[in-house]
Amino acid sequence: MPAPHTTVRRSLLVASATALSLALTAPASFATPSPSTSPSTSPSTSPTPTPPANMSRVGGERLGRAGAQVDLGTGAPVLPKDLTARSWIVADAESGEVLAAANAHWRLPPASTLKMLFADTLLPKFPSSEKHKVTTADLAGIGSGSSMVGIKEEETYTVHDLWLGVFLRSGNDAVHVLSAMNQGVDRTVAEMNGHAEELQALDTHVVTPDGYDSAGQVSSAYDLTLFARSGLQKKDFREYCSTVRAKFPGKTSKNDKGKTVRETFEIENTNRLLSGDSDLSVYQGIAGVKNGNTTNAGATFTGVAERGGRVLLVTVMHPGKDEHNEVYKEAAKLLDWGFAAAGKVRPVGELVAPKGSAQSIAQPDATAPGANDGTGPGAGSAKSAAASSGGSSGMGIAFAISGGLLVLLAAGAFLVNRRWPLPDLMRRRR
């Protein structure tokens with residue numbers, strides 16, 4: 001974002017904060033409206049290649065339509081050819097504008113991209129330095145053929161080690177150990193479903209915390225993008241998802257001198273836009289986020305990249321072309337298109353804010369005229385509520401404002417907070 005705009009936004013925040021301190025003497029309560037939705041198909045882990053006729057309209061009416069949705073302006077490039085994914089989305093991570101999408105709310109098996117929601121839910125619970133000795137019960141219930149980082153029973157790991165195993169190797173064993181620390185898989189699943197609802201990710205139903213194929217476990221390209229955007233508000237999340245390689249603890253043994261030593265081995269991030277591969281270069285500006293692949297879900301991927309001060313999010317689910325690294329190749333094409341098209345396309349929707357943030361209080365109805373172009377009844381409305389954004393959690397504290405003198409400041413604060421700015425990313429480049 002250009003510096004002058006940032007200065008204006010900061011000025012508005014300061015002015016609004018001053019006004020808010022005066023407004024606290026007249027509190028009132030606001031109910032967060034439910035997002036506008038239309039019926040969606042029942043969860044299925046065996047989807048047909050045909051998208052459902054009716055999908056959710058959270059984020060905008062066009063996002064509930066089947067097929068590619070884009071609104072090209074003058075000089076905008078056309079969408080990439082040969083996109084075979086069943087569902088995809090390209091969005092501005094800061095403003096939340098959806099630049100283009102296809103079947104964004106199609107409920108599909110997410111595979112290990114669901115670990116973004118797992119991390120966003122559990123990361124704040126345990127300090128990275130906390131240690132845990134793994135028991136047999138901790139590793140119970142891991143699905144056959146799961147991706148593993150190599151955790152051993154009776155060995156001790158730090159929480160930092162476990163999160164590296166989750167993000168770099170997509171280790172279901174690391175997920176189960178962290179779930180055990182969180183009083184079990186059932187509690188973790190319940191908390192993940194609750195957090196998804198808070199994020200307004202209403203296409204998602206969690207059955208397993210690791211994304212392993214299970215009946216009824218679904219998400220969507222839209223929801224996975226919400227998970228990434230929320231997770232990226234957290235410093236630890238940004239660091240883990242952008243780490244290319246790390247040393248991971250192995251088994252404990254005694255050396256020739258009888259001294260107890262702990263072996264280590266190297267793990268590499270399986271996000272091939274971040275780590276590269278024989279047929280794929282590291283993507284310029286890539287900074288995470290998470291990939292997945294199962295027989296039923298196919299390949300899934302959510303990525304975030306920055307170029308020229310603009311941060312884009314992309315999600316691709318289940319490419320139809322059966323080629324090596326196809327999900328990354330299609331994601332790279334969409335990111336290239338997004339950087340070239342930004343500022344030249346009209347958004348077809350937006351990434352909604354969590355229910356707990358003031359942005360959702362002032363959010364115009366997704367189906368209302370002008371809801372996505374800033375001209376609808378929610379833009380600058382005297383009914384908007386000013387807010388204070390909530391730091392790394394991405395949650396805001398809503399304040400009630402009454403009195404005509406505060407209407408202009410309230411509208412200004414709304415314009416600032418509806419952008420829900422993303423903190424600086426850790427950018428790892430070769």
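Trainee: What makes E9 and E10 a hairpin, and which residue in the turn has a positive phi?

Mentor: This is a predicted model. In it, E9 and E10 form a hairpin with 2 residues between them. Gly308 sits in the turn, with a positive phi of about 55 degrees.

Trainee: How do you know that E9 and E10 pair?

Mentor: Pairing takes at least two bridges. Strand E9 (residues 298-307) and E10 share 8 bridges, so they count as paired. The sense is antiparallel. For example, Glu306 stands opposite Val311 in E10.

Trainee: What joins strand E2 to E10?

Mentor: 7 bridges do. The cut-off is at least two, so E2 (residues 85-92) and E10 pair as well. They run antiparallel. Val90 has Val314 in E10 as its bridge partner.

Trainee: Why is strand E10 called largely enclosed?

Mentor: Buried means under 20% relative accessible area. In E10 (residues 310-319), 9 of the 10 residues are buried, so the rest of the structure largely encloses this strand.

Trainee: Why is helix H2 described as largely enclosed?

Mentor: The cut-off is again under 20%. In H2 (residues 115-122), 8 of the 8 residues are buried, so the helix is largely enclosed by the rest of the structure. Among them are Lys115, Asp120, Met116 and Phe118.

Trainee: How many residues does the chain have, and what share is buried?

Mentor: The chain has 430 residues, and 54% of them are buried. It holds 11 helices and 13 strands.

Note on methods. Residues numbered from 1 in each chain as written. Predicted model: local features only at pLDDT ≥ 70, side-chain atom pairs only at ≥ 80, totals over all residues. Heavy atoms only, no water. Buried < 20%, exposed > 50% of the residue type's maximum accessible area, 1.4 Å probe, protein only. Helix = DSSP H or I, 4+ residues; strand = E, 2+ residues; numbered from the N terminus.
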